[in-house]
Amino acid sequence: MTYSGYLYDLLLIGTLLWLAVRILAEVKLFKAVVLFIAFGLLMALAWVRLAAPDIALAEAAIGAGITGALLLDAVGHMRGRAAPYPTDEPAGDASAVTEMGDGRG
Amino acid sequence: MSQTDVYTLAGAALFVISLYGLITRPHLIHKILALNIMSGGVFLVFVGIARRVMTPDPDPLPHAMVLTGIVVTVSSTAYALALAKRIYSETGAAVLDAPDVFERPEAGGD
Amino acid sequence: MASAVPESPRGVRLAAGALCAGFGVLLVRAVLAIPEDHSGLAPVVAERLVDSGVKHPVTAVLLNFRSYDTLLEIAVLVLATIGVLSVAGSHPRVWAPVAEEADPVLSALARLLAPFMVLASGYLLWAGEHAPGGAFQAGAVLGAAGVLLALAGYARPAWVTKFGLRVVISVGFIVFLAIAVGVMFLGGVLLEYPRDYAKALVLIVETWLTVSIGAILVSLFIASASPIEELRARTGSGR
Amino acid sequence: MTDALLVHMPALAVVVPLVAAPIAFLAGARWGRPVALFATALSIPVAFVIAWMASTAGEKLRYQIGGWDAPLGIGLVVDGLSATMLLVTAVVGFAITVYSLGYFAEQEKYRFFWALWLFLLASLAALFLSADVFNLYVGLELVSVAAVALVGLSGKRDALIAAMRYMLAAILGSIFYLFGVALLYGAFGVLDLAHLAAVLGPDVTGQAAFALITIGLVLKTALFPAHFWLPPAHSNAPSPVSAVLSALVVKGSFYILLRLWTDVGDPSYVPGMGTLLGVLGATAIVWGSIQALRQERLKMLVAYSTVAQIGYLFLLFPLVEIAGRHVADAWSAGVFHAVSHALAKSAMFLAAGAVLSRFGHDRIEGLGGLSRRAPVTMMAFGLSGITMMGLPPSGGFVAKWLYITASIESGAWWWAVVVLAGGLLAAGYVARVVVPGFAKASADASDADVDAGRLPKHMELAALSLALAALVLGVLGQPVLDLMVVGDPASGVIP
């Protein structure tokens with residue numbers, strides 16, 4: 001294994017771990033899900049590095065793609081119901097989502 | 001430290017980080033995210049182990065198991081999310097301890 | 001970080017931290033002690049690959065050597081889909097028709113992309129015999145094409161009735177199971193493909209699995225609980 | 001021809017419900033009923049033939065799926081233990097199916113019940129037969145998703161939340177299990193149970209794998225203190241589902257623990273693990289029983305009784321560790337307890353479900369006059385209570401007797417104390433239901449509403465026959481005791 005390859009691996013792993021922490025610490029659900037999709041795509045890169053192209057394809061399509069779409073749908077559903085404003089609000093600011101969605105006193 | 005070690009250790013780290021997140025974060029979406037990251041960690045351990053053989057490709061068995069695992073994970077995630085959405089519709093929140101859930105008199109299931 | 005999310009009590013967080021630290025130590029020790037020189041079952045797979053009917057070892061394991069795992073895995077997928085339908089089931093809008101009017105830009109994009117995606121799906125299916133790819137990847141791409149079409153407002157095809165949907169969801173599993181049991185009448189055991197037919201049978205199973213996986217992913221997405229109007233509003237395509 | 005069919009029996013045990021499941025899904029609510037009835041009825045002779053095969057063979061039989069030999073292929077293993085579990089699954093499964101025919105009126109929200117139910121039975125059969133640690137993971141997931149979906153079926157708020165809690169615990173348990181499988185493959189390079197047993201050595205990775213797998217399965221079995229998800233899930237599920245959860249589903253994960261710790265390895269493989277599991281089991285017995293004594297609702301009481309009864313299963317591990325299997329048979333005690341509890345607890349939940357339908361509530365204080373209004377149900381509850389308490393001549397008595405003998409013979413008498421104390425506590429919570437049940441009806445329950453919610457006979461009879469089976473097991477238990485040790489799960493030799 002080359003030195004640069006090693007460095008690339010460490011960088012990739014560092015980013016994955018950082019993303020994992022960010023996803024779980026993120027208060028805004030929408031942002032957490034977007035970060036999770038990024039995490040899935042980086043995992044696909046890791047699978048390529050580990051000579052597992054089958055898994056890379058599956059991860060990109062299923063792990064990041066389908067799971068990501070389902071998560072976005074769920075987060076949207078939760079905002080859509082709790083928000084005091086109409087449901088067709090653009091998906092930019094999600095802070096209201098989490099406040100309403102998580103805010104059990 | 002070999003490349004295998006680096007990735008299997010990363011898998012273990014992802015497992016531990018998301019276990020902490022699963023326990024401490026109350027929102028169901030966070031819990032489901034944590035479980036997904038956790039399985040990702042386990043898959044890394046599997047594929048790290050597969051790397052021990054390179055003749056010229058890695059051991060196909062862990063790869064097959066991970067592919068199976070990914071499909072199983074997306075299936076249970078889909079169901080868990082549907083459940084979370086329904087809970088949100090019924091209770092107005094996607095958390096496990098909605099108040100007085102188990103004390104209500106009509107709580108008998110049937 | 002001030003937030004509206006109710007944090008777990010300090011005691012819980014400390015206990016969880018201690019627990020996870022303990023697991024961390026255990027796992028690091030366990031993972032570092034994995035022997036580096038064990039070849040696992042790779043040599044056995046390589047030796048028997050010629051008998052499997054396919055050239056790609058991962059596909060051989062998934063659809064022949066350990067096809068029983070795959071059969072049960074498809075059962076999990078079908079089962080979870082039934083679960084989703086049952087959870088969402090009492091919401092009448094689940095079966096409501098897909099959006100009436102389409103967003104022109106997304107519609108055009110979907111019309112352009114969908115055929116290519118179906119093509120890509122077919123390629124992945126065919127490639128799985130000798131290279132990375134296979135039913136799951138192909139099914140996922142097919143499903144993505146379906147989701148895209150639904151988002152673009154293409155109406156639900158007429159055959160997608162309640163019964164029709166149930167058929168496409170389960171057809172891959174049923175064909176797989178039928179072949180698994182059918183070979184027993186040829187004198188084999190469960191899932192024992194006769195060597196001369198192995199390649200053909202694997203391909204048949206994979207093709208139907210692709211169709212079913214695509215259909216399942218679309219129905220998980222569409223039929224889960226959100227009406228399509230809300231969906232499009234959310235993704236910002238319904239303006 | 002007959003021989004050819006016999007060979008395929010293990011596969012049929014899985015295939016019969018697995019084929020029926022998608023048929024029931026396609027057929028819908030109405031036609032799903034005969035499909036389920038036919039499939040579960042067919043499973044009984046299949047299970048009996050498998051039990052007969054196991055006992056005549058006298059050793060482990062294997063069925064290699066796809067014709068690929070282990071370690072590459074996946075095997076189904078038939079021995080006394082798997083045959084016993086299959087038999088219990090078939091019998092309990094059929095009785096619950098009969099009960100469910102009456103319980104689930106053709107309501108729209110229960111239209112997927114039959115498909116989910118058949119998938120659950122298929123996955124339990126797959127689990128009890130599997131000889132491969134990764135295949136067991138897929139089986140576990142199948143069991144979990146089916147069980148959780150059944151809990152959430154009613155769509156009621158409490159049931160949904162209970163299902164979610166159960167789902168999270170179950171997935172977490174699966175992930176722990178899967179991590180253990182990865183480490184096992186890393187350390188030993190095989191997945192087949194018999195091959196693992198042959199190469200298992202004192203190895204840090206292997207021990208960690210066993211620990212992780214145990215944590216995952218303890219979560220799924222709801223052993224104290226991981227029982228938090230069980231009472232809400234088992235009490236809020238529709239009653240036939242509660243019955244199968246307590247009777248069979250928790251036994252599924254326990255079964256894998258048993259295979260691992262007494263078939264592949266032994267309880268001394270990870271130092272202290274046997275004792276730890278025993279202590280947790282003992283705590284579960286005491287804690288679960290005390291909680292059961294404090295419940296106000298019948299189904300919650302029965303659910304906490306399950307928490308307690310699960311504890312008995314785990315007393316097996318320290319006793320096997322101390323004495324070894326052949327000195328004093330704690331192993332048989334544990335398995336026999338699993339069998340008799342499966343029969344008695346399913347009877348108890350079915351009876352509780354009948355009470356709910358009959359009274360419209362399940363508040364224990366309002367159960368006055370139960371014996372007059374639903375005598376068969378009352379009898380089913382009382383008889384299954386005898387097994388819970390461990391009084392002769394029930395199956396529970398035999399299990400406890402074996403446990404007590406084992407602990408005294410091996411000098412670890414304190415486990416016997418726990419067993420006896422658990423019996424007394426069980427008498428307490430069973431009496432809480434039975435005593436007011438025989439009392440006069442409260443003033444507000446006039447004879448007029450006695451006929452208001454009469455139950456279909458076959459529902460009450462299904463509960464009663466399971467309770468009777470648990471009782472008869474104490475008298476005619478010897479064949480079962482002989483069956484379950486066939487193939488000697490302690491030896492773990494590759495055939």
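A nonpolar core, as the term is used on this tour, is a set of buried Ala, Val, Leu, Ile, Met, Phe, Trp, Tyr and Cys residues joined through C-beta atoms within 7 Å. The structure on screen is a predicted model, with an ipTM of 0.92 and a pTM of 0.92.

**The core**

Begin by selecting A84(B) and L118(D), the two residues that touch the most other members of the largest nonpolar core, which holds 379 residues. Then colour α6(D), the element that gives the most to this core, with 25 residues. In chain C, domain 1 (9-38) and domain 2 (41-235) both contribute residues to the core, so it lies between these two domains.

Stay with A84(B) and display its surroundings: setting aside neighbours within four places in sequence, A84(B) is in contact with L28(B), I29(B), I32(B) and A94(B), and also with A74(A) and M164(D).

**Where chain B meets chain D**

Next select chains B and D together, where the contact takes 34 residues from chain B and 39 residues from chain D. On the chain B side, α1 (3-24), α2 (28-50) and α3 (60-91) each supply at least two residues, and α3(B) gives the most, with 15 residues. Coloured by class, this side of chain B shows 22 nonpolar, eight polar and four charged residues.

**Where chain D meets chain C**

Keep chain D and bring in chain C, for here 45 residues of chain D are in contact with 46 residues of chain C. The elements of chain D that each supply at least two residues to this side are α2 (9-57), β1 (61-64), α4 (113-129), α5 (133-151), α6 (157-188) and α8 (204-221). Among these, α5(D) gives the most, with nine residues, and the chain D side divides into 31 nonpolar, 12 polar and two charged residues.

Of its 239 residues, 50% count as buried, and among the contacts in chain C with a separation of 6 or more, 78% are between residues 24 or more positions apart.

**Inside chain D**

Return to chain D and select helix α12 (residues 298-314), whose 17 residues should span 24 Å at 1.5 Å a residue; the C-alpha atoms at its ends are 25 Å apart, which agrees with that expectation. Is α12(D) enclosed or open to the outside? With 17 of its 17 residues buried, α12(D) is largely enclosed by the rest of the structure.

Move on to M484(D) in helix α20 (residues 478-484) of chain D, a residue that is buried because 26 other C-beta atoms lie within 10 Å. Beyond four places in sequence, M484(D) is in contact with G80(D), L81(D) and T84(D), and with S332(D) and V335(D) as well. A distance drawn from M484(D) to A27(D), C-alpha to C-alpha, gives 38 Å for a pair 457 residues apart in sequence.

**Backbone details**

Most residues other than glycine have a negative phi, and most peptide bonds are trans.

- Select A70(D) and P71(D), which are joined by a cis peptide bond with omega near 5 degrees; P71(D) lies in the loop between β1 and β2 (75-78) of chain D.
- Select F224(D) and P225(D), where the peptide bond is again cis, with omega about 0 degrees; P225(D) belongs to the loop between α8 and α9 (230-236) of chain D.
- Select A222(D), which is found in the loop between α8 and α9 of chain D and has a positive phi of about 65 degrees without being a glycine; A222(D) counts as buried because it has 30 C-beta neighbours inside 10 Å.
- Select A51(A), in the loop between α2 (29-49) and α3 (53-82) of chain A, where phi is positive, near 60 degrees, in a residue other than glycine; with 16 C-beta neighbours inside 10 Å, A51(A) counts as partly exposed.

**Confidence along chain D**

Finish by colouring chain D by pLDDT, which averages 91, with 94% of the residues scoring at least 70. Residues 446-452 of chain D have a pLDDT below 50, and this stretch has one contact in the model beyond near neighbours in sequence. Over residues 491-495 of chain D the pLDDT also stays under 50, and there the model has 10 contacts beyond four places in sequence.

Terms used. Residues numbered from 1 in each chain as written. Chains lettered and ligands numbered in written order. Predicted model: local features only at pLDDT ≥ 70, side-chain atom pairs only at ≥ 80, totals over all residues. Helix = DSSP H or I, 4+ residues; strand = E, 2+ residues; numbered from the N terminus. Buried ≥ 20, exposed ≤ 12 C-beta atoms within 10 Å, placed from the backbone. Contact = placed C-beta atoms within 7 Å. Nonpolar A, V, L, I, M, F, W, Y, C, P; charged D, E, K, R; others polar. pLDDT = per-residue confidence, 0-100. Domains from an automatic or database assignment. Expected span 1.5 Å × (residues − 1).
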